[in-house]
Amino acid sequence: MKSVELNNIVKTYNKGEIKAANNVSFSVNKGELFGLIGADGAGKTSIFRILTTLLLPDSGTASVDGCDVINDYRTIRKKVGYMPGKFSLYQDLSVEENLNFFATVFDTTIAENYELIKDIYVQLEPFKTRRAGKLSGGMKQKLALCCALIHRPNVLFLDEPTTGVDVVSRKEFWEMLKTLKQQGITILVSTPYMDEATLCERIALIQSGSIMMIDTPGQIIKNYPDKLYAVKADNMSRLQNVLRSNAQIKSCYSFGDFHHITMDNVQLTVDNLLVSLQNEGLNDLEVKEIIPTIEDCFMNLMNS
Amino acid sequence: MELNKDNNKSLSNAGSQLSVEREVVIKTDKLTKRFGDFIATNQITFEVYSGEIFGFLGANGAGKTTAMKMLCGLSKPSSGNATIAGFDIYRQTEQIKRHIGYMSQKFSLYEDLTIVENIQFFGGIYGLSDQQLKTKSNELIETLGLQKEANKLVNSLPLGWKQKLAFSVAVLHEPRIVFLDEPTGGVDPITRRQFWDLIYQAADKGITIFVTTHYMDEAEYCNRISMMVDGEIKALDTPADLKQKYAVSSMDEVFYELARGAKRNE
């Protein structure tokens with residue numbers, strides 16, 4: 001039995017004008033760390049809300065832990081943990097009070113499942129009497145995670161848990177998720193950060209309500225259709241203009257201190273390219289073949 | 001072909017060349033903001049040059065927002081001095097506001113006005129004449145290819161287009177400096193790069209860009225970066241020099257090196 005399953009889910013807003021989910025089908029295995037990767041407006045939150053029984057789909061079926069999202073919604077609500085995109089705990093209750101509240105609502109106690117949240121909670125403990133509204137962004141995130149886990153759910157839904165959070169806190173959060181995975185909880189995470197995709201076991205790349213590809217990050221990278229090169233020069237702005245006006249270059253996108261390019265023409269070799277760039281007056285050139293990142297793959301799929 | 005080490009030298013020379021040749025548009029001297037006992041911004045001292053793309057980085061809680069609010073004339077410093085576009089941070093906040101643009105993820109445009117209405121509204125506030133407004137409005141719509149959408153409500157646009165539009169509106173009055181607070185958060189990777197094309201175009205026109213971001217590849221697009229940690233500026237240099245100093249190959253690693261020792265979570 002799959003932990004989560006969606007079949008032809010359709011969800012629209014504004015009388016069909018906005019297609020948030022456009023015939024979405026996929027499944028997640030028990031204990032898997034699954035990533036839903038896409039920008040704002042791609043449909044991630046709508047899908048998560050349908051799965052956590054907070055939103056009805058227009059059509060299609062879905063199940064979580066064997067229960068139908070429409071007919072068995074009450075059972076699902078007892079078995080899942082949900083951390084929504086915006087901080088939605090009680091700002092004027094303390095850390096302790098929030099945790100107690102959620103434990104009670106789920107008919108359990110903090111003590112009963114403390115082992116599960118212990119590693120996260122020890123970081124919050126020094127602030128346990130502080131009001132949730134006064135916590136830092138990173139601490140709020142940790143508290144929200146604890147509250148979502150307090151009843152030992154079978155499936156955990158994390159909607160953009162690292163959005164707006166800095167690089168260091170993001171790393172820490174993913175370390176916590178890896179530890180949780182060892183407890184056998186199925187974890188679905190949505191994120192717009194492409195670099196986080198490689199931390200998942202399988203990912204679904206989503207854009208404008210449609211799934212573009214689902215697979216392991218490794219396989220998605222293997223499926224990239226062209227050779228990819230990283231190019232650098234002394235004047236990156238000029239380099240970009242030169243590359244983009246070259247008819248033999250299929251795509252050119254900036255990636256930090258390199259531009260990533262694909263070539264349209266097998267005749268164009270690295271050596272030819274170097275010569276033509278030198279002729280344009282560019283210096284300190286570097287061209288090397290590279291393995292694509294998930295971001296390269298995502299952009300390639302967007303363009304297809 | 002290997003990267004020429006001299007390239008790094010020429011970039012840092014470029015940094016100091018900027019200070020000789022170009023105008024200083026932001027100058028702070030021990031700028032400080034205290035909330036009771038808590039020192040949110042602790043004596044920050046730095047300069048930003050005209051037409052520069054300046055990355056203002058830092059972990060959450062490091063003090064970036066507090067600093068930016070002061071620089072935009074929205075919050076009075078506790079001590080220290082600063083001039084923004086030549087105007088004093090204590091006595092000339094209204095002039096500061098007239099000479100800067102601002103855009104953030106949280107607020108950009110009025111969702112229930114059309115594109116044209118938003119342009120007219122902000123253009124009016126920025127003091128553009130009717131003629132200037134007409135010209136700039138057409139230019140903007142042309143550049144972004146929004147002819148079909150011009151009379152649609154902003155909330156009907158996809159996020160990426162909204163962000164590009166918001167940026168274009170923020171520089172409608174060709175301000176000296178535009179402050180961008182995480183402008184590309186959550187946007188798809190192609191639109192993100194188109195956004196940066198707009199930033200380059202504005203910088204080419206001489207508009208100084210003061211941008212904060214959580215995307216470390218975007219840090220590479222900046223001429224210089226400053227990193228705030230626990231209310232102080234712990235580093236300020238070109239991306240290339242920062243990477244060399246910390247012996248790492250990406251800005252991601254530079255950030256990690258500087259931010260992980262931070263005592264403050266917020």
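Tutor: Helix H3 (residues 95-105) of chain A and H5(A) pack at an angle of about 25°, with axes 9 Å apart. The axes are lines fitted to C-alpha atoms, for helices over the stretch in contact, and angles run from 0 to 180 degrees between N-to-C directions. Helices (H or I, at least four residues) and strands (E, at least two) are DSSP runs, numbered from the N terminus.

Student: So is H3(A) roughly parallel or roughly perpendicular to H5(A)?
Tutor: That angle makes H3(A) roughly parallel to H5(A). Angles under 35 degrees count as roughly parallel, over 145 as roughly antiparallel, 65 to 115 as roughly perpendicular, and the rest as oblique.

Student: Which residues meet there?
Tutor: From H3(A), A:Val95, A:Asn98, A:Leu99 and A:Phe102 meet A:Leu143, A:Cys146 and A:Cys147 of H5(A). Being in contact means that the C-beta atoms of two residues, placed from the backbone, lie within 7 Å. By class, this contact has 6 nonpolar, 1 polar and no charged residues. Ala, Val, Leu, Ile, Met, Phe, Trp, Tyr, Cys and Pro count as nonpolar, Asp, Glu, Lys and Arg as charged, and the others, Gly among them, as polar.

Student: Before I go on, what kind of model is this, and how is it numbered?
Tutor: It is a predicted model: local features need pLDDT of at least 70, side-chain atom pairs count only at pLDDT 80 or more, and totals for chains, interfaces and linings use all residues. Residues are numbered from 1 along each chain as its sequence is written, while chains are lettered from A and ligands numbered from 1 in the order in which they are written.

Student: What scores does the predictor give the complex?
Tutor: An ipTM of 0.85 and a pTM of 0.87.

Student: And what about pLDDT in chain B?
Tutor: Chain B averages 87, and 90% of its residues score at least 70. pLDDT is the predictor's confidence in each residue, from 0 to 100.

Student: OK, on to the interface. How many residues of chain A are in contact with chain B?
Tutor: 33 residues of chain A are in contact with 31 residues of chain B. On the chain A side, helix H5 (137-149), helix H6 (167-181), strand S12 (249-255) and helix H11 (294-303) give two or more residues. H11(A) supplies the largest share, 4 residues. By class, that side of chain A has 14 nonpolar, 11 polar and 8 charged residues.

Student: Nice. What are the domains of chain A?
Tutor: The assignment gives domain 1 (4-222) and domain 2 (228-303); such bounds come from an automatic or database domain assignment. Their centres, taken over C-alpha atoms, are separated by 37 Å. The contact takes 10 residues from domain 1 of chain A and 9 residues from domain 2 of chain A.

Student: Which helix gives the most on the domain 1 side of that contact?
Tutor: H8(A), with 3 residues. That side of domain 1 of chain A has 8 nonpolar, 2 polar and no charged residues.

Student: And the domains of chain B, what are they?
Tutor: Domain 1 (6-99 + 175-259) and domain 2 (110-174). The C-alpha centres of these two domains of chain B lie 26 Å apart.
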